[in-house]
Structures are given as structure tokens and as C-alpha cells.
Amino acid sequence: MKKDKKSGQPEQPAGETPPSPSTQITPVKSNGRNSKKTFYIVGIGSSAGGLEALEQFFTHVSPNCGLAFVVVSHLDPTQKGMMPELLQRFTKMKVYQAEDGLKVAPDHVYVIPPNKDLSILHGTLQLLEPTASRGLRLPIDFFLKHLAEDQRERSIAIILSGMGSDGTLGLSAVKEKLGMVMVQDIRSAKADGMPRSAIGTGLVDYTAPAEHLPAKLMDYVQHARMAATAPRKTEVLVEKTSGMLQNLFVLLRAQTGHDFSFYKKSTIYRRIERRMTVHQIADMSLYVRYLQENAQEIDLLFAELLIGVTSFFRDPESFEALQKEVEAYILEGRKRGGTLRIWVPGCSTGEEVYSIAIILMECLAGLGRKGRFKVQIFATDIHKEGIEKARQGVYLPNIAAQVSPERLAIFFTREESGAYRIKKEIRELVVFAPQNLIMDPPFTKLDILSCRNLLIYLTPELQKKLLPLFHYCLNPGGILTLGTAETIGNFTDLFSVSDSKWKIFSRKESASAIATLTDFPSDLSFANAERATTPPKSRAEEGLTVPELVQAILLKDFSPSAVLINDKGDIVYVHARTGKYLELAAEKANLNIYALAREGLKQHLGSAIRRALAEKTDVTLKGLRVRTDGDDQVVHLTVKPLSEPDAMRGLLLVVFDDAPSPSPARTSLRKKRDPAGENITIVEACQTELQQTRELLQSTIEEMTTSQEELKSANEELQSTNEELTTSQEEMQSLNEELMTVNAELQHKIDELSRSSSDMKNLLNSTSIATLFLDNNMQVKRFTTSATDIIRLIPTDVGRPVGDISSCLKGLDMTKEALRVLDSLVFKEKEVQTTDDRSYLMRISPYRTIDNVIDGVVVTFTDISPLKDMERSLRESRDLIQRALKYAESIVATVRTPLLVLDAQLKVVSASNSFYRNFMTTPEETEKEHLYNLGNRQWDIPALRQILEGVLSENKFFEDYPVEHEFPEIGHRKILLNARQIEQADHGRQGPLILLAIEDVTDQPGP
């Protein structure tokens, strides 16, 4: 058997899959030099005209390039894949059809099989069954997205000739993970749909004819390998090139007006390094020089730094969680009406903004409050091109993979090009504007602030300034949403967690939040020196009255020292002098009481605060000895939890009160009278200290137990989050019609394939099952099997005039009808019957070739016999129901007991005359009105609503349900309600009805 020289494995013919890993008894090892060498994986997408482009590409690829290639094409799912055999003729690399569990190796080509979706995990190919229907699949996007997630910066995407927009979303994912993107030049592509769509994203690194792409690919890979030869850390490189980075930031700010020095340096450097690799520049100083000489590269670098993959309803569960939070926001009364104000900074091209607008409209409609609220959304970004695209509101057809068909039908309109345009109703809710979150003024009085996946690109220092700003911008109880990798950090006093998984928070109201100093955008890059150096005005300068001044003096000189802290010990307010109890450490400033407490106080302070928080009562510790400047001071410590006013709820007041010292005379007298007094005093002090130590030890043990439980819970949560992040993958669906790949070896069958394509096109345009194709001479060209049930056709009838063939149709001259259509070129529909009394809808339409040439007619027959039978049954049922309704209405009108007939929505269908008479109302005020809206809503009773719904859903009934109410016209009444479901013949179409009887028992004696 012939062996492969490189691997030592048996050489296999093209198109056959190599043995799967499970069937290989002994894995083949490499020579050691390349066993751990990483390699790039190139995903190639092509469709119509792609075979020629693939030939031009692989003809110029070296067989020892060290790259792996995965080819994803649009293939006919009903045909055997022939692509591996065709590609093997253009390259010396081994070409395999992809198989589930096949490990990708360099210098090999893998081809997707028909009717499969292809993914990759840890360098191993995975075959999946397609989830989308035929004609709605995007296999290129699907694979490239998984390639980017799996290989990250070692992923490369190449888009060749093809129709549609498949691959556009995939290359965005590759670019986000710092991969590289190449596209065939549209002038050399036979079908420019896919290349044109890819280039339109602005994310393409190289554009060239297919035969020139391999040279650019190898230049990129070789430079990237050289840059990665020596081990290095991004943080070290950032530090070494900090001067060059500052120069680069200056160039960016000069041309774009935006300062990137607040972004994380490691992220910025990786983006810059990728641009340097594209241009094969190894030194940062040379790249800065290149930027100075090429203004266009500054714009490209600016776009590279702003890359963010966005889509409609990204992380669908997060939008469901946000919708629930908005519903609670409205139902809990945090927003009672007016305008819902939303701000979405970093909106990119608008997909997230429109997604939020859609769920808001659905939420308001579901709550029945669409008219009570006006929605106003502010969407901002520093990228003007992205803002402009968002304003247009036009998106590629492949958004159908992200938006449900119901939402597409309600909120989008389909244009002739196949693109989707957001409807005017949603577009008018959003105001798009360029804005720099760091420097420009923010939007305020907001109900929702959605800042997803933006903070992760900013420095921690800037994040700490932006979160208080977000708190300032939101209304009380307002909603803040962040990305799944983002957090509020230590600002738990500003925000409460509503959904920890999807990072949804609510604004808190507390004294510490009020006291937090908010840095506005214009101050974010500068220290607030003026605020720190301006001395505060004295109380006297503010014009206080004499009593107020006296109170101020008393508070200053005679009230105990105290501090106001939050539940974490952070000091919010200091009253009087606290230097004897608290000491500022000689390190970085820390205003936490645990860090400031002096010796002798620190060990007792924590237990007292914890007890006060747990027991919600004042805790007092007496006789604490605090070391102050070398002396001991006896102090009484009191911790008081505050519950009112509301702004102070959750805070604690820590009061320090000096204990009175015994007079010297009394002390000396005691010593004279009792020589052993000194020993007794020492013993008492030791006993007191021992008791305090025991209490402190017990408190410490309890605290350690609680901390261990919290750490265990946090560890479990982190493990769960890590598993979710590892296993979660966005599902991608497809929209583009699948196009059959032209087989180069079947050139002699082009005419036959063209005719078959024309037949299929006309067949798909029809809606019938039985189909007959006639030429201009009314001779049979082709027919489907089901057509033989109507016309007695056999295979040898092809070429015969249709008029010579007998049929089962009654009184129809098909030749005459077909000639009329051929003369007028207007389709004709007609109901016909067969001899066995079956009904068909016959449709005759002109047969148009791909070249728009009339070449006969297409006759289709749709069996409408079941529809006719159903129509007849419905007509009979309607007559029966009408008679039954008239009969029932007569009974209802005659009965003296007030009666109501309700539909499935609990709206009044009809009422008896006694109801109108007893409750002094009219049919106009009653019929078609909801039961709970009658009168002054006297029937709006939750328990009544529940049992009526039970009557509808479970076919229950109830009797003698008491209601006592003050009616506007008839006064106070006691009534008994009886209800049961009314069965009807067309229950499935109209829904069930409820008969509700009302018995007035006001004047009857009680039990």
C-alpha cells in the first residue's frame, strides 16, 4: 500500500475521509520539532462561481505552507459531494471530506459535506444536522463564527465568489477575536454578492483577485510567526512602548478627535499589533512613522479599535430578563406614566438599540399601557459611520437568524433587495447622536441605561468614575444593564443586584450614595483641585440665628464624637473630633473604620457592628481601653443601626464616649485603706479583659464560619458561570438560498442543467402538486407523478399533443385554455372537476426560461376538495349556530333572572332584558364591553376573575358566588352569581362562551 511520506499513514484518495481517531489503534507522532507548533486555520467560504475561484486560489498555495484549510460551500443537500475530487486536481495537499471528530492538521484541506453544518472545537471538526430549513441556511457564517471562538487570533477568514451575504457575520466574529480577513476582489468574482457584502463591513484586511490572495496570506502568516517566536508578555511590551503609544494617541486624537489613553493598554496594544502584522511592520516606532505618512491608516486603526460584534437580541435570555425587569419597574409603580427615557452608549450600528425598543413596545403592549407611556431612546457612539448606518435602519437578510419571524413581520419591512428595514414606528423612538462617553455631557433623568460590553475596554480607574455617573443619570429605582463580563465592582452602595447572571442592577437611594462625589465627563481626566482647595464657609457666615449658633456650639463642644458608616464600614460622615479613637494610617488613604480604629478598639469594633446589623438593635461596649499616644483611655462604644429617615436606612452611627476617670484623692485613699486594692483592681481588669477576649473570639469564629460559607457559595457561582461561558454558543440560522455548485467536468450538460433550473424555478413559483409542462405547440415536455391522477399520462407521452391524451376532467378543453394564456401571457385560474367529483384549482401560466423567453406553459392542479367539503360544513354549521343563537336569545330575553353571555375574553356578548332593567343600563353601554369595565368597575374582583378563567380553561362551573357592592343607580345590593360554560359547535373558531346568572338576594333574610 502506498504511504504518505509526511505522516506515514496510508494515502487515501481524494473525497474519502481519513480514519477517525477512534479507529486508529496507535496514533502517529510527529518528529518532535513540529509537534507543539501552532498553526493557523483558514476558513474559506464560496458559493456560485466559487469553484473557479478555489482553483485560482489553491493553484498558488504551496503544499508545505503549514496552514490548514476548511472549505465551506453551498452544496445541494440531495446530491453526493464531489468537491474533494475537484479540489484535489488543483493542489498537492491532501483533500478530505470533513468527518465528525476529525482532527485538523496543517497542509491539509477539508471540505464540508452536503446537508451538514460544520463546526470546530479544540481543533477538531464537528458535523451537525442543519437546524434551519433548506434555503434558509448560512453554513459559512456558522463555521467562521465557531472558528473565531476556537482559534481566536489564529483564525483566518477568506470570502470568495458567491451570491447573497453569507460569511458577513462570520468574518465580523473573526475580526473581533483578532483574526485576519481576506476577500476576493469583486471585479474578478463571477458572483460579487458575498464579496461585496463582506467589503461593506469595513473589516476586510486584504482585497485582491483569488490568485493573488495566497501570496498576501503567506506574508501575513510569516510575519505573525516571526513576531511570536520569542515568548513575551503584552504588559511588558506595553510598558516598553508607552512613549510610542502616547505618540500614537496624539495622532489619533488629532485626526479623529477622540482620546484612547483611557482604554486598557493591553487591549489597545493587541489591536495595534494586529495592524502592524497586516503591514509587516515589526517596530512600534516605524508604525508611528507610517501613521504620520498615511492618514488613511489612522482611520483604519480607529475603526480597528472600535470593533465590536453586535447583533439583534444578542444573548436572548438577557433581553428576556431585561423585559421582566422593565415590567416590574412599571408594575411596582416606579414609573407611573409619562416618558420612558433610555440611554444606550456605545450603540455601534444600532442592533442592540432596536432590540431594546422592540422589547419595550412588546412589554407595554403586554401590560396594556402602550398609550400611557412615551418611549424615548438616546443611542450614542463615537463612530460616526456606525451612527449613520444605525440611522438608516437597514440590515442584511441574515438577521432572520437572530430575529424571530413574528418580530420580523411586526417590526420590519422587507425590501426588494432582500434587506430588512426597521419600521417607522420603532425608528421614531430612537435618537442617534455622536457622543464621547468620556468627555461629552451625559443624558439624565433616565429610566434605563444599557451599557453592555463597553466598560471592559476601559481602565479600572475610568470605570470607577463612570459608575457613579451612571447612578447620577438614573432616576430613583432606574435600571442599569452591563455586559456579562462586567460588574459594578465596589459600588454596591449605589446599585442593588436585580439579576446577577445577566448583570441587571437598580439604582439605590442611600446617604452614602448621596454623599458620593460624581465626576462629570469634563472632569474625568482631571483632578478636582478647585473643589479640594476651596475652604468651606463657616456656619456663622451663612447667617444663622442665635439659637442655631448656640446649638452648633453645644454640638461642637459637648456632644460625643461619632462617625456615620455604611454596612461595609466606609465612613460617610464624621462628627466632632475622633482622633483619639481613629487614626489615619501612613499608607494610601483609606476611609474605612476598620482600617482607622486605634489599638484596643479595633478588635471589638467589628463584633459590635456585626451584632448591630444582625440584631437591628443598639450595641454598647463599656470600659474599652484604647491606646492613644502611649496612654490608655477608657471608652464606651455604642453602635446604633439607623432605620429612619429613609435616606439613612442601612447606615450605622458609631458613638465614642470617654469614661470618667477616678479622682486622684479617692484613688490614694483606697490604697491607704486597702493595701491589696491594687491587686484586686488588676484582677478585675484581667477578668474584664478575659471576658471581652472570649466575646471577641466567639465573634471571630462566627465571622469565619460565615465567611467560609460565603466563599463556598461564591466559588460555586464562579464555577457555574465558567461552565456557562465555556459551553454557551450563539445559535446562527441562515437565510440565503442554496445555489448548486457548477461541476467543471460536466460542461457538456450545461444546456440540460439550464433547462432543469428553468423547470425548477417555475415549479417553485407555483403552489400545486400536480404539474404539467407544455411547449409552444401544446406538446407534453414533462409532468409530475401526481399529474397522472388527473390526466392519463405515461412516460412515452412526452412529445405528444396534450389534446390527444384522455383526462378525467369534466368539460374542459385544455388545449384551448392553454393557447389563450400563451397568446395573452397572463396566467389563468379556474376551478375544475373530475369524473370522480373531486375539485381542483387549475392554474395555467406562461413558461419563462432564465433568459425570459416564453417556451410554452405550466399547468398546475391543486386539490381543493377538502376545502370545498370544509366550506360546505362551515356553511351548515353557521346556519345551525344562527338558529341556536336565536333560540337562546329568545330564552335569555324571557327569563326574569338577569343573565349575561360572555365570550372567551370575558366581554359581554349579550344580556337579558331583566339585566338592563335591574341594573339600569342599556345595550350600548353593556355589549362588547369587558365585564370588569361595566358601571364603575364593580365587577372587577380578582377572585371572580380567577374562577371565570377556570370556567374557560377547565370547563368548571360555580354556583352562589356572593357579591356585595354599592351600585350607582340601584344602591347597595347583595347578589349571588352562577356561571357555567356554554358548548357550541364552532368552539374552535370563536372560543367558549360563559352564561352568568345574577340573583338579587338583598331583601332575603340571612341564614
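How many contacts beyond four places in sequence does the model have for residues 663–677, where pLDDT stays under 50?

Reply: Three: that is what the model, which is a predicted one, has for residues 663–677 beyond four places in sequence, and pLDDT stays under 50 over that stretch. Compare residues 729–748, where the pLDDT is also below 50, but the model has 56 contacts beyond near neighbours in sequence.

For context, the average pLDDT of the chain is 77, with 78% of the residues scoring at least 70. Going by element, the lowest mean pLDDT, 34, belongs to helix H19 (residues 529–533), and the highest, 93, to strand S7 (residues 155–159).

Now for some charges elsewhere in the chain. The structure has 29 salt bridges. One of them pairs the side chains of Lys 781 and Asp 855, at 3.7 Å from N to O. Lys 781 sits in strand S26 (residues 780–783) and Asp 855 in strand S29 (residues 854–863), so this pair links parts that lie 74 residues apart in sequence.

There's also a surface patch of negative charge, where Glu 889, Glu 924, Glu 925, Glu 927 and Glu 969 come together. Of these, Glu 925 has its place in helix H29, which covers residues 923–926.

Notes
Residues numbered from 1 in each chain as written. Predicted model: local features only at pLDDT ≥ 70, side-chain atom pairs only at ≥ 80, totals over all residues. Heavy atoms only, no water. Patch = residues over 30% accessible without salt bridge, like charges linked within 9 Å, V, L, I, M, F, W, Y side chains within 5 Å. Areas by Shrake-Rupley, 256 points an atom, 1.4 Å probe, with all protein chains shown as cover. Salt bridge = Lys/Arg side-chain N within 4 Å of Asp/Glu carboxyl O. Lys, Arg positive; Asp, Glu negative; His and termini not counted. Charge placed at Lys NZ, Arg CZ, Asp CG, Glu CD. Helix = DSSP H or I, 4+ residues; strand = E, 2+ residues; numbered from the N terminus. pLDDT = per-residue confidence, 0-100. Contact = heavy atoms within 4.5 Å.
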